[in-house]
Amino acid sequence: MLEQLINIIDRYNWRHSKIILAVSGGLDSMAMASLFVQAKKYFAQSPYGLAGFEIAVAHCNFHLRAAASDADAALVQEWCTVNEVQYYSKDFDTTTVIEAEGGNIQLVARQLRYDWFETLRKEINYDCIATAHHQQDSVETLLMNFFKGTGMAGLHGILPEQKRIIRPLLPFTKEQLKTYAEEINLEWREDASNEKDDYLRNKVRHHLLPQVQEIFPNAQQSLFDNTLRFAEAEELYRQGVERYRKSLLMQSGKDWRIPLRKLVHCKPLATITYELLKPFGLTPAQVPDVLHMMHSISGHYIPMGDYRLIKDRNFFIITARKTEESGHILIEEGQQQIQGPGFDIQIKSVHELPVATQIGPNDLYLNADQLTFPLILRPWKEGDYFYPFGMGMKKKKVKKILIDAKVPLHEKEHIWVLEDSKKVVWVCGMRSDERYKVRAGAQKIIHLNYCKQD
């Protein structure tokens with residue numbers, strides 16, 4: 001096993017690394033620690049010298065199993081003393097954290113563990129953290145992902161390297177690790193919770209995988225080999241997705257735009273659409289809605305995590321849901337206030353129009369029954385036009401309005417327009433559209449007041 005570990009260390013160029021070993025006291029992590037001590041001795045005796053290879057041990061005590069948790073910590077600390085390995089430990093009041101913040105015990109403990117590992121790594125100036133995940137762990141992950149539903153990324157199981165986390169034991173089976181530990185009389189502790197079926201992984205480990213192996217005796221090795229092939233196929237997949245991302249996803253100020261005329265001709269359409277929008281929070285279940293929205297009218301939108309996907313003419317626009325971070329703001333029916341970058345808009349219902357002399361460029365009155373919500377508030381762009389109020393049905397470009405009003409160049413980029421069903425309703429704070437003039441007999445009138453912030 002040592003020879004195989006040496007080959008793994010060389011393959012991933014860890015020979016010159018300072019590595020923190022995450023050791024719980026269980027069989028897997030204690031075997032990993034022992035193997036790394038032997039590897040360090042091997043490098044020290046090799047013609048190439050130690051070459052900067054250093055190890056330290058980090059142990060987390062979550063205090064979830066009373067005296068057993070303390071016994072785990074004592075075993076790891078004693079082993080480090082005997083083997084002259086630097087020992088670091090951290091105590092967590094896990095129960096208090098869960099009571100205060102909620103969440104699943106396993107997930108909370110995992111987050112606490114990895115956060116501390118990274119903090120420790122930076123403090124002692126080490127390169128990476130090694131965990132003791134082995135072949136069976138990777139296969140279990142593959143099966144859980146597969147049956148829950150997954151894309152390409154879920155088929156590679158556990159990766160040998162992810163940022164600062166390394167998994168040097170992935171090629172080894174649980175049986176190999178146990179045989180090695182027994183041969184060298186290595187002491188370890190069993191976690192009683194591993195025998196329970198409280199967690200999904202344990203159910204897969206105790207029931208699903210043994211049943212599969214009863215039918216296919218070499219299933220675990222075959223599935224692990226599959227994860228390696230899936231990982232390579234995923235790399236090709238990623239390269240293809242990246243080409244589509246470069247050709248279709250265009251940043252425009254704070255927003256991103258996807259040209260629909262190009263997107264609809266891509267194949268496979270659903271997969272490419274999902275991969276383009278997944279970084280913005282789209283879920284697989286939302287993909288059919290996005291495909292349907294391609295052929296809907298402007299103004300339709302889908303929430304995606306911290307973003308919205310808006311259909312605007314021949315484009316999808318991805319914009320932040322927080323209005324102060326967005327280049328496109330949706331105004332829903334009944335909304336009373338909008339806060340945009342550098343301006344504020346108050347919206348209220350009124351019974352009648354005031355006299356004309358009381359209506360200024362910062363005021364807009366609209367017949368609510370004439371509108372299709374949500375309205376879109378966005379920065380003006382080249383090509384925008386409308387029919388300025390008071391000029392009858394004479395069309396004019398917004399750009400010309402700004403020139404006529406002698407708006408300075410540096411202020412033009414801060415001009416926003418209000419849009420309804422592809423039509424510019426209002427150049428905010430400047431001019432409204434003749435087509436949206438409130439006619440006699442209007443029953444529902446809304447008043448928008450634009451206030452520029454200093």
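## Sheet and nonpolar cores

In strand E6, Ile166 is the bridge partner of Ala130. The model is a predicted one, in which local features need pLDDT of at least 70 and side-chain atom pairs count only at pLDDT 80 or more, while totals for chains, interfaces and linings use all residues. Residues are numbered from 1 along each chain as its sequence is written, and side-chain values use heavy atoms, with hydrogens and water left out.

Strands (DSSP runs of E, at least two residues) and helices (runs of H or I, at least four) are numbered from the N terminus. Strands E4 (residues 128–130) and E6 (residues 165–166) run parallel and are joined by two bridges, and two strands count as paired if DSSP finds at least two bridges between them. The open sheet has six strands in the order E3-E2-E1-E4-E6-E5, with mixed pairing. Because E3 (86–91) and E5 (161–162) stand at the edges with a single partner strand each, one side of each is left without a neighbour in the sheet.

| Helix | Strands | Angle to E2 |
|---|---|---|
| H3 (residues 67–82) | E2 (54–61), E3 | about 165° |
| H5 (residues 105–124) | E1 (18–22), E2, E3, E4, E6 | about 145° |

The largest nonpolar core has 38 residues, and Trp79 is one of those with the most contacts inside it. Such a core is a set of buried Ala, Val, Leu, Ile, Met, Phe, Trp, Tyr and Cys residues joined through side-chain atoms within 4.5 Å, buried being under 20% relative accessible area with a 1.4 Å probe, protein chains only. Helix H2 gives the most to this core, with 10 residues.

Terms used: Contact = heavy atoms within 4.5 Å. Axes fitted to C-alpha atoms, helices over the stretch in contact; angles between N-to-C directions. Buried < 20%, exposed > 50% of the residue type's maximum accessible area, 1.4 Å probe, protein only.
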